[in-house]
Amino acid sequence: MYMNVAKIQKRVTFNTLKSLLGINESTNCGIVAYPAIQAAPSFSSSSVKVFGGHKLKCLIPCAIDQDPYFRLTRDIAPRLGEDKPALIHCKFVSGLGGPNSKMSSSDPSTAIFVHDTPAEIKTKINKYAVSTGQDTEELHRKLGGDPDNDISYEYLTFFMEDDDKLLRVREEYKSGKLLTGELKKY
């Protein structure tokens, strides 16, 4: 992969990075180097051991925040003699800290990892997932919660397969019939 990183870095100018990422002369070199490291795995030639040297087209799933890097990747692919990778923009899954927050591998309280056990996932959701329920049961029953900004509900939109049930949960939470603790049990 390092060879492709070096080839990409050789073909991307600082002016391109300035316009793409909004960086300036004071930006640290790690941020300047990162786009090439992000782009390189988009080409099968970066993984010769995996693909046996075969030139294959790549399909890259990414969240919208990664789009600038992959637009750059698609722009430079022909200059590298590579096919442009195709992208699938995935919906961003918020971290446990609230809507539009990121999950971070350096802070386990913000993320659910694929290797987390069901018990660890349950603990993280109960302990760290931002909730929009009210401070007391009485107040919650009266005012309800805000499913559009509740992390537990957001996760249900990804994992609950029954759309009718999801809508019912949404309405019950919003009306105050369903408490935060009950929502987190789904």
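Is C29 buried or exposed? At 66% relative accessibility, C29 counts as exposed, because that class begins over 50%, whereas buried means under 20% and partly exposed lies in between (1.4 Å probe, protein chains only). The structure is a predicted model, in which local features need pLDDT of at least 70, side-chain atom pairs count only at pLDDT 80 or more, and totals for chains, interfaces and linings use all residues. Residues are numbered from 1 along each chain as its sequence is written, and side-chain values use heavy atoms, with hydrogens and water left out.

The cysteines form 0 disulfides, a disulfide being a pair of cysteine sulfur atoms within 2.5 Å. C58 is in no such bond, since the nearest cysteine sulfur, that of C62, is 13 Å away. C58 is buried, with a relative accessible area of 17%.

I88 is found in strand 2, where strands (E, at least two residues) and helices (H or I, at least four) are DSSP runs numbered from the N terminus. I88 is partly exposed, at 40% relative accessibility.

Aromatic rings provide a further set of pairings. Rings of Phe, Tyr and Trp (its six-membered ring) pair if their centres lie within 6.5 Å; planes under 30 degrees apart count as stacked, over 60 as edge-to-face and the rest as tilted. The count by this rule is 2 aromatic pairs. The rings of Y34 and Y69 have centres 5.3 Å apart and planes at 85°, so this pair is edge-to-face. It links distant parts of the chain, with Y34 in helix 3 (residues 29–39) and Y69 in helix 5 (residues 67–80), 35 residues apart. Y34 is partly exposed at 33%, while Y69 is buried at 15% relative accessibility. F158 and F159 form a tilted aromatic pair, 6.4 Å centre to centre with 55° between the planes.

F158 and F159 also belong, with V93 and M103, to a nonpolar surface patch of about 360 Å² of accessible area together. V93 lies in the loop between strand 2 (86–90) and helix 6 (118–128), and is partly exposed at 32% relative accessibility. F158 is partly exposed at 31%, whereas F159 is exposed at 65%. Patches join residues with over 30% relative accessible area and no salt bridge: like charges within 9 Å, nonpolar side chains (Val, Leu, Ile, Met, Phe, Trp, Tyr) within 5 Å.

Methods: Accessible areas come from the Shrake-Rupley method with a 1.4 Å probe; for residues, only the protein chains shown count as cover. A salt bridge is a side-chain nitrogen of Lys or Arg within 4 Å of a carboxyl oxygen of Asp or Glu.
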